[in-house]
Amino acid sequence: MSQTLIAPSILAADFGNLQRDVEMINNSEADWFHLDVMDGVFVPNISFGMPVIKSISLHAKKPLDVHLMIVEPDRYIKAFAKLGANVLTVHYEACTHLHRTLQAIKAEGMQAGVALNPHTNISFLEDTINDIDLVCIMSVNPGFGGQSFIENTYYKVKQLKKLLLEKGASTKIEIDGGVTNKNAQQLIDVGADVLVAGSYVFGSENPSETIKVLKELV
Ligand code: DX5
Ligand code: ZN
């Protein structure tokens, strides 16, 4: 079984049966819950916010990986810590003072993540990488589930892996968007540590089995 962590994205769950889908993840081989928060400003879509995350956290038995696709994320760091977020990821493109934001996330006892849009070069993280617990490489343009995987992602994972080696950083590499059985193995081969999967998991006939298939890749 692979060391790669699998983080099903709740964005693709059935919101009318949220507790059922949360229990499915609890009972599966998944490692984390991936929770996408969209504000309709940073991305052209609105997903869900605090009350929904609160309900999920009451039932979730695995770490909450919260991906903020919002402007001014600093305003909500304390609120997400209170809701039980374990990893809090902000977008590089949404942070004027990224270093300060990372410190603020860690001060609340969470792991600090930085997500990069497909157009954002890995080199922009050179000066902060040792302060980052997780880099989320967006393999689609953020805002929607069910989009197709951008092939340039493999190149970015390799670039990031190189940077981590150069800097002696133990930062996790997460891939988010369009992950399926068609690209998961190659992503693991180039260095991915965490795979987020939304529609591939929840759109399948047996989501728990699909998680197992991803988890069994080495
Ligand atoms: C996209 C979100 C993703 C999304 C992935 O903006 O950040 O986490 O839920 O969904 P799939 O796996 O369907 O591309
Ligand atoms: Zn996400």
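A salt bridge here is a side-chain nitrogen of Lys or Arg within 4 Å of a carboxyl oxygen of Asp or Glu. This is a predicted model, where local features need pLDDT of at least 70 and side-chain atom pairs count only at pLDDT 80 or more, while totals for chains, interfaces and linings use all residues. Residues are numbered from 1 along each chain as its sequence is written, chains are lettered from A and ligands numbered from 1 in the order in which they are written, and side-chain values use heavy atoms, with hydrogens and water left out.

**Exercise 1. Count the salt bridges, then look at some of them.**

Step 1: With the rule above, you get six salt bridges.

Step 2: Take Arg-20 and Asp-21, whose closest N and O atoms are 3.1 Å apart. Together with Asp-14, these residues are linked in a network of salt bridges.

Step 3: Now try Asp-31 and Lys-215, with closest N and O atoms 2.9 Å apart. Asp-31 sits in the loop between helix H1 (18–26) and S2, and Lys-215 in helix H8 (residues 207–215), so the pair ties together parts that are 184 residues apart in sequence. (Helices, H or I with at least four residues, and strands, E with at least two, are DSSP runs numbered from the N terminus.)

Step 4: Check burial. Buried means under 20% relative accessible area, exposed over 50%, and partly exposed in between, using a 1.4 Å probe and protein chains only. Asp-31 and Lys-215 are both buried. Glu-216, at 44%, is partly exposed, and its salt-bridge partner is Lys-212, with closest N and O atoms 3.5 Å apart.

**Exercise 2. Work out how the zinc ion (ligand 2) is held.**

Step 1: Find the donors, meaning N, O and S atoms within 2.8 Å of the metal (3.2 Å for Na, K and Ca); water is not among the atoms, so sites may look incomplete. The protein donors are His-34 (NE2), Asp-36 (OD), His-67 (ND1) and Asp-176 (OD), at 2.0 to 2.3 Å.

Step 2: Write their spacing along the chain: H-x1-D-x30-H-x108-D.
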